[in-house]
Amino acid sequence: RLQLHEEQLLPVPNLDVATSAPVLFKQAAQKVLPHVAPTAVETEAIADICQSVAGLPLAIELAAGWLRHMPCTAVATELHHSLALLTSSLRNVPERHRSMTAVFDHSWALLTPPQRQLLARLAIFHGGFTLPAAQAIARADWADVIILLEQSLVRHEEGRYTLHPLLRQ
């Protein structure tokens, strides 16, 4: 958010991992391998990749970029071990978007030390959390959670607060 009176918010959810995320992956893959035609095993690996990154569009595009160097199955396997694979060497991409680590580092740098500590404490909640749970376990207050919501580091979904799985990791 820019915190301007004139702005209008448009929440952008993650892509659906079963439908639109694999489509984006295949489109991104065709940029590096124009004639890519995934086999049944590769289609399963694509589904695994999309699930691993929880439908995050930038992560999907970064993962697909690796197909010029390794098969889908290897990309999926590597993502289970490390986020380091989610990088790009493209020169016309802003530095903060060249890797998922750079995205998270940029967002982290915008936080104050107490906000950083709270975000780290909230990462213990694997299935999301309620405000009372965050208050009791992570010593959060409403204002702290709102700041993280405003920074798009925490999302409010169906009465619970969540961190994106890549961010939590």
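Author: A definition to begin with: a disulfide here is a pair of cysteine sulfur atoms within 2.5 Å. This is a predicted model, in which local features need pLDDT of at least 70 and side-chain atom pairs count only at pLDDT 80 or more, while totals for chains, interfaces and linings use all residues. Residues are numbered from 1 along each chain as its sequence is written, and side-chain values use heavy atoms, with hydrogens and water left out.

Reader: OK. How many disulfides does a search of the whole structure find?

Author: The search finds 0.

Reader: Is Cys 50 buried or exposed?

Author: Buried, at 0% relative accessibility. The cut-offs: buried is under 20% relative accessible area, exposed is over 50%, and partly exposed is in between (1.4 Å probe, protein chains only). Cys 72 is buried too, with a relative accessible area of 6%.

Reader: What counts as a pocket, and what as lining?

Author: On a 1 Å grid over the protein atoms alone, a pocket is an open set of points with protein on both sides within 12 Å along at least five of seven lines. A 1.4 Å probe that fits but cannot get out marks a cavity instead. Lining residues have an atom within 4 Å of a point. For volumes, grid points are joined across faces, edges and corners, and the space filled by probe spheres set on the points is taken.

Reader: Which elements supply at least two residues of that lining?

Author: α3 (57–64), α5 (100–109), α8 (142–150), β1 (155–157) and α9 (165–168). α5 gives the most, with 5 residues. Helices (H or I, at least four residues) and strands (E, at least two) are DSSP runs, numbered from the N terminus.

Reader: How does the lining of the largest pocket split by class?

Author: It has 21 nonpolar, 14 polar and 6 charged residues. Ala, Val, Leu, Ile, Met, Phe, Trp, Tyr, Cys and Pro count as nonpolar, Asp, Glu, Lys and Arg as charged, and the others, Gly among them, as polar.

Reader: And the second largest pocket, what volume?

Author: About 350 Å³. It is lined by 17 residues, and Glu 61, Leu 62, Gly 65, Ser 88 and Leu 90 are the closest to its centre. α1 (20–32) and α3 each give two or more residues to this lining, with α3 giving the most, 4 residues. By class, the lining has 8 nonpolar, 6 polar and 3 charged residues.

Reader: Back to Ser 152. What is its phi?

Author: Near 60°, a positive value in a residue other than glycine. Most residues other than glycine have a negative phi. Ser 152 is in the loop between α8 and β1, and is exposed at 58% relative accessible area.

Reader: What about the phi of Arg 139?

Author: Positive, about 55°, although Arg 139 is not a glycine. Arg 139 is in the loop between α7 (131–138) and α8. Its relative accessible area is 59%, so it is exposed.

Reader: Now His 164. Where does it lie?

Author: In the loop between β2 (160–162) and α9. His 164 is buried, at 16% relative accessible area.

Reader: Which backbone atoms does the side chain of His 164 reach?

Author: A polar side-chain atom lies 3.2 Å from the backbone oxygen of Val 53, and the side chain reaches the backbone nitrogen of Leu 166 at 3.0 Å. A polar contact is a pair of N or O atoms within 3.5 Å; within protein, one must be able to donate a hydrogen and the other to accept it, and residues adjacent in sequence count only if both atoms are side-chain atoms.

Reader: Last one, Ser 99. Buried or exposed?

Author: Ser 99 is buried, with a relative accessible area of 12%. It lies in the loop between α4 (72–81) and α5, and its side chain reaches the backbone nitrogen of Ala 102 at 2.8 Å. Leaving aside neighbours within four places in sequence, Ser 99 is in contact (heavy atoms within 4.5 Å) with Leu 62, Leu 86 and Thr 87.
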